[in-house]
Amino acid sequence: MTGWLQPHRVVMIALALALVLWSAFSLRWDWLAEYAPLMAEGIWNTIWILVVTSVLGMLLAIPLGLAQAAGPWYLAAPARAFCTVIRGTPLLLQLWLLYYGLGSLFPQFPWIRQSDLWPILRQAWPYAVLALTLSFAGYEGEVMRGAFKGVPRGQLEAAKAMGMPRLTILRRIWLPQAVQRALPTLGGETVLQLKATPLVATITVMDIYAVSSRVRQDTFIVYEPLLLLAVVYMCITGLIVLAFRWLERRVPQRVA
Amino acid sequence: MGQAAPETFAGLPPVRPEAIRIDDLRKSFGTVEVLRGVSLRACEGDVVAIIGGSGSGKSTLLRCINFLETPTSGRIVIGGEEIVLRPDGTPASRRQIEQARRRLGMVFQQFNLWSHKTVLENLTEVPVHVLGVPRAEAVARAMALLARVGLAEKAGAYPAFLSGGQQQRAAIARALAIEPRAMLFDEPTSALDPELVGEVLNVIRDLAAEGRTMILVTHEMKFAREVASHVIYLHNGLIEEQGPPAALFGAPRSDRLKKFLKSVS
């Protein structure tokens with residue numbers, strides 16, 4: 001056999017190629033040139049919203065998980081309540097509550113309207129970012145709770161026994177191992193987060209999904225923009241999977 | 001008068017400085033009293049072996065010395081410095097405990113190497129990030145220690161890729177890397193396959209021979225007899241019998257110790 005070029009793979013590649021050629025020649029793509037700049041903007045919006053909300057959500061998830069795994073009851077209880085509420089309600093509901101609820105409350109206060117933040121608060125994206133961040137934090141807080149608990153006690157004890165201060169133990173031993181343990185789950189959760197981003201289109205944020213809807217409304221072409229949308233999401237998913245695979249490989253695990 | 005001379009008695013050699021001293025230590029878990037008033041003294045260079053059946057409190061005793069367990073009451077003096085305890089037995093100052101721990105190198109039954117760090121990083125972690133030793137110096141010292149325990153070529157390996165015996169030798173080197181005044185061993189060979197016990201005992205024997213202060217909880221009676229300068233037999237949270245190894249193993253006085261020695265031989 002010549003390495004990876006095995007018969008079943010050759011057939012798959014031929015099929016994929018045929019599909020691409022068919023869609024290129026028999027479907028309508030004449031709208032592409034006109035909407036390309038808007039699509040680029042949409043892809044950019046989708047990606048930065050994904051990255052920013054995942055990173056911020058993760059930063060919130062760490063204390064949420066730690067509070068539940070090892071905190072005193074007065075920290076653990078609110079953290080658990082937060083995770084339960086976030087995980088127990090639809091993201092669309094959270095998004096709308098923030099945008100239509102909080103967002104319509106703010107203008108009623110003159111001091112908010114006059115503040116420097118108002119130009120930002122009157123836009124839609126802050127509410128999208130807030131809702132997606134809180135949602136990610138809620139799910140990942142639960143993941144991190146388990147990850148913190150899963151780090152072997154003995155390793156923390158060894159750190160303690162060598163006179164490491166508590167914060168150093170958390171920073172150098174406990175957190176890195178918890179994150180490493182959670183990585184496979186976090187990879188999957190980030191993919192889910194990507195596919196939660198189209199909801200922001202419902203509050204007028206121009207992500208890639210919103211752009212494809214716009215194309216449909218403008219041109220009455222339905223199928224092609226959706227097909228392209230699927231390809232875009234699959235490409236971003238591929239990038240996420242690769243990134244997490246790289247992260248996971250940084251500490252070699254023994255194959256049992 | 002200048003500095004006081006070491007305490008001496010006419011005709012006796014000068015007393016070595018005291019490394020670890022425990023007075024009337026008690027520890028309860030809930031209503032179960034695991035240690036019921038244990039006193040122990042280790043001078044520098046002493047090798048104290050603690051033996052006893054399961055549930056005798058020997059591991060708890062060892063873990064109280066560096067406050068992995070909080071004693072219920074008693075006094076603990078490390079290197080001449082008494083650990084200040086609140087009336088309920090908890091340490092008054094976390095800082096003091098942390099500093100005392102840095103003078104004690106602990107080796108665990110389950111090795112407890114940090115699995116996300118290489119063997120070398122395990123050895124340099126505390127010197128570099130807690131004690132402020134320059135990295136180059138810490139690495140040089142760590143490599144010397146690894147060579148000493150026969151693991152120089154494993155410096156870049158992760159713990160999961162090492163055998164149990166190698167992991168325990170690395171753990172001993174890690175404990176030595178903080179240059180402790182005394183070593184605490186908590187059943188260091190109990191989790192090892194029989195054929196790997198020897199390599200770890202050799203390292204410990206080596207440390208005893210260079211005059212290190214050690215407190216060793218062990219099930220290896222032959223080894224205890226060979227390396228210890230003092231043996232303590234613990235039963236039900238009390239010292240049932242203690243003395244030099246020859247006397248304790250050669251001519252046990254109490255019936256319990258006789259029975260115990262017979263059961264483990």
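Here is a quick tour of a predicted model, looking at chain A as a whole, one of its helices, and some strands of chain B. Because this is a prediction, local features need pLDDT of at least 70 and side-chain atom pairs count only at pLDDT 80 or more, while totals for chains, interfaces and linings use all residues. Residues are numbered from 1 along each chain as its sequence is written, chains are lettered from A and ligands numbered from 1 in the order in which they are written, and side-chain values use heavy atoms, leaving out hydrogens and water.

**Chain A overall**
- Chain A has eleven helices and zero strands; helices here are DSSP runs of H or I with at least four residues, strands are runs of E with at least two, and both are numbered from the N terminus.
- The radius of gyration of chain A is 23 Å, whereas a compact globule of 256 residues would come in near 18 Å (taken over C-alpha atoms; the globule rule is 2.2 Å times the number of residues to the power 0.38).
- Along the principal axes, the C-alpha atoms of chain A fill a box of roughly 70 × 70 × 30 Å.
- Of the 256 residues in chain A, 41% are buried (under 20% relative accessible area, with a 1.4 Å probe and protein chains only).
- Take the contacts in chain A with a separation of 6 or more: 78% of them link residues 24 or more positions apart (a contact means heavy atoms within 4.5 Å).

**Helix α8 of chain A**
- Seven of the nine residues in α8(A), residues 153-161, are buried, including A:Leu156 and A:Glu157.
- What do those buried residues pack against? Within chain A it's α9 (166-196), and from chain B it's α1 (58-65), α2 (94-101), β6 (104-107) and α5 (164-176).
- After α8(A) comes A:Gly163, which has a positive phi near 80 degrees.

**Strands of chain B**
- Strands of a sheet pair through backbone hydrogen bonds, either parallel or antiparallel.
- Four strands of chain B form an open sheet in the order β2-β1-β4-β5, with antiparallel pairing (two strands pair if DSSP finds at least two bridges between them).
- The edges of that sheet are β2 (32-43) and β5 (81-82) of chain B, each pairing on one side only.
- Nine bridges link β1 (residues 18-29) of chain B to β2(B), and B:Arg21 has B:Arg41 as its bridge partner in β2(B).
- Elsewhere, β9 (residues 230-235) and β10 (residues 238-243) of chain B run antiparallel, joined by five bridges; B:Ile232 partners B:Gln242.
- Two residues sit between the strands of this β9(B)–β10(B) hairpin, where B:Asn236 takes a positive phi near 50 degrees.

How values were computed:
Buried < 20%, exposed > 50% of the residue type's maximum accessible area, 1.4 Å probe, protein only.
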